[in-house]
Amino acid sequence: MRADNVHATVAVVDDEPMVTTALRAFLELELPYRVLCFESPRLALEALIRDPVQVVIADFMMPELDGIEFLRRVRECCPFTTRILLTGYADKANAIRAINEVGLYYFLEKPWSNEQLQLIVRNGVERSELFTQLDARVSALESANRDLAQLRRRLIEAFL
Amino acid sequence: MSGVADVSRPDPDELEALRAENARLRAAQAELVNATRMSSMGLLVAGIAHELNTPLGALRSNRDVLSRALARLQEILADEVVDASELADVRRIVAAVNGVVAVDEDALARITAIVASLGGYAEGGRSDVELLDVRAALDSALSLLEHERGPDVAITRDYGAVPLVECLGGQLHQVFLNLLRNAFQAVGQRGTITVRAHAPAEEVVVTVEDTGPGIPPQYLERIFQGGFTTKGARVGMGLGLLISSQIVERHRGRIGVRSEVGRGSAFLVHLPLGAVRPGHPGRPAQTETTPAPPASPSDTSAGGPR
């Protein structure tokens with residue numbers, strides 16, 4: 001039905017199973033991505049280090065690790081993962097902290113709109129994939145550049 | 001208060017002026033107390049809004065999922081035929097709906113519990129005398145303050161057999177809310193808050209202990225006076241403990257505090273049993289009640305070990 005990238009994965013991290021289940025139901029119904037749910041940010045982090053995802057949606061208020069700290073660690077281990085903060089406690093100081101410290105992609109407030117969420121997640125996956133592609137192209141260019149430089153050196157050596 | 005220096009022999013005019021000034025100050029204090037009640041009500045409302053946002057977010061999303069699922073199923077059934085590829089879709093949709101329905105039940109139960117815990121506060125403005133189980137009142141205050149709990153803050157309950165207390169329930173709720181909020185603010189990100197309720201002899205003693213930074217001895221006398229706060233401008237007006245001690249005195253009880261810098265603080269609310277006849281609300285504490293000072297820095301009368 002939809003030709004989007006079915007290999008993309010979205011991780012949802014919230015200590016409230018109520019929220020993870022609701023998000024999973026919606027995302028699986030409307031988007032062709034795999035959805036992983038975690039109630040513990042620590043377990044989520046372990047899983048993401050092993051196997052990076054394209055988008056992570058994290059709650060702000062979690063008992064063992066707050067959402068901003070969690071996303072800061074995600075940024076360290078998986079720089080190409082798009083980071084979304086979901087919060088029922090939208091104070092300005094936290095919003096600014098989130099944007100500045102973790103390079104947040106979107107600050108989403110509870111109760112959220114599914115329409116908006118769908119758009120954000122879809123764009124977030126695309127963004128992550130573009131970053132990954134860009135990184136691969138840059139590596140390829142660098143490697144080609146190294147080969148060329150070597151070739152040039154050998155040519156010069158051969159003619160001198 | 002300019003003419004106060006020479007009080008060796010106050011003339012009647014001056015006395016009258018002082019009386020008027022005193023009345024004016026009392027009125028101003030009453031106004032401030034009322035303002036703080038309103039601002040503490042504002043905090044409470046913000047807390048409730050936050051607590052409701054989680055189940056509300058889930059319900060709102062789920063309602064949307066259900067209508068999308070229904071539309072999808074109707075689309076599949078439009079031609080009266082379900083082929084193999086459509087069957088996989090139907091299974092997926094049914095699975096999503098199943099999850100959603102279970103969550104809706106939890107979300108509704110959560111909202112019901114939040115509203116139930118508000119019972120005592122909704123009656124805060126009324127002056128009905130009721131029989132209150134202080135343990136239930138403490139639990140309800142704790143659940144309302146859940147959003148103010150730091151990530152590594154543990155709560156320990158130590159409840160004994162406690163008789164019902166005849167009181168103005170809504171007002172005692174407010175006392176517990178004030179003391180617990182102070183404790184949450186004292187511990188910040190990590191620590192332990194211990195809530196005790198016991199009935200040692202002819203009284204009910206409620207203790208709220210925290211492992212926060214403690215209160216320096218020189219401040220202990222002043223914390224029950226209005227306008228004293230070390231929390232900074234944004235946190236409060238420094239009237240929570242004044243209001244609390246006034247309410248408790250109105251119930252012929254008293255509030256004590258023990259505190260050690262670096263170890264934490266404990267606030268003890270002593271409520272006498274038996275013929276508790278709370279004074280009329282809105283009037284200042286009755287002067288004929290036991291002359292116990294509101295703040296007794298070395299309270300040793302009750303409560304568990306520190």
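I start with helix α5(B): at 1.5 Å a residue its 19 residues should span 27 Å, and its end C-alpha atoms are 27 Å apart, which agrees. The expected span here is 1.5 Å times one less than the number of residues. Helices are DSSP runs of H or I with at least four residues, strands are runs of E with at least two, and both are numbered from the N terminus.

A note on the source. This is a predicted model, in which local features need pLDDT of at least 70, side-chain atom pairs count only at pLDDT 80 or more, and totals for chains, interfaces and linings use all residues. Residues are numbered from 1 along each chain as its sequence is written, while chains are lettered from A and ligands numbered from 1 in the order in which they are written.

Back to α5(B). Of its 19 residues, 18 are buried, so the helix is largely enclosed by the rest of the structure. Buried means that 20 or more other C-beta atoms, placed from the backbone, lie within 10 Å of the residue's own. Just after the helix, B:Gly188 has a positive phi of about 65°.

Now the sheet. In chain B, five strands form an open sheet with mixed pairing, in the order β2-β4-β5-β7-β6; strands pair if DSSP finds at least two bridges between them. The edges are β2 (152–159) and β6 (254–260) of chain B, each with a single partner strand, so one side of each has no neighbour in the sheet. From one strand to the next, the twist averages 10°. Angles run from 0 to 180 degrees between N-to-C directions, with axes fitted to C-alpha atoms, for helices over the stretch in contact.

Within the sheet, β5 (residues 203–210) and β7 (residues 264–272) of chain B pair antiparallel over eight bridges. B:Glu203 has B:Pro272 in β7(B) as its bridge partner. Helix α5 (residues 169–187) of chain B packs on this sheet, touching β2, β4 (190–198), β5 and β7 of chain B, at about 20° to the direction of β5(B). Contact means C-beta atoms, placed from the backbone, within 7 Å.

Which strands does helix α7 of chain B lie across? Helix α7 (residues 240–250) lies across β6 and β7 of chain B and runs at about 135° to β6(B).

Last, chain A. Chain A has five helices and five strands, running β-α-β-α-β-α-β-α-β-α from the N terminus. In chain A, 20 residues are in contact with 24 residues of chain B. Helix α1 (residues 17–30) of chain A gives the largest share of that side, ten residues.

Note on methods
Contact = placed C-beta atoms within 7 Å. Buried ≥ 20, exposed ≤ 12 C-beta atoms within 10 Å, placed from the backbone.
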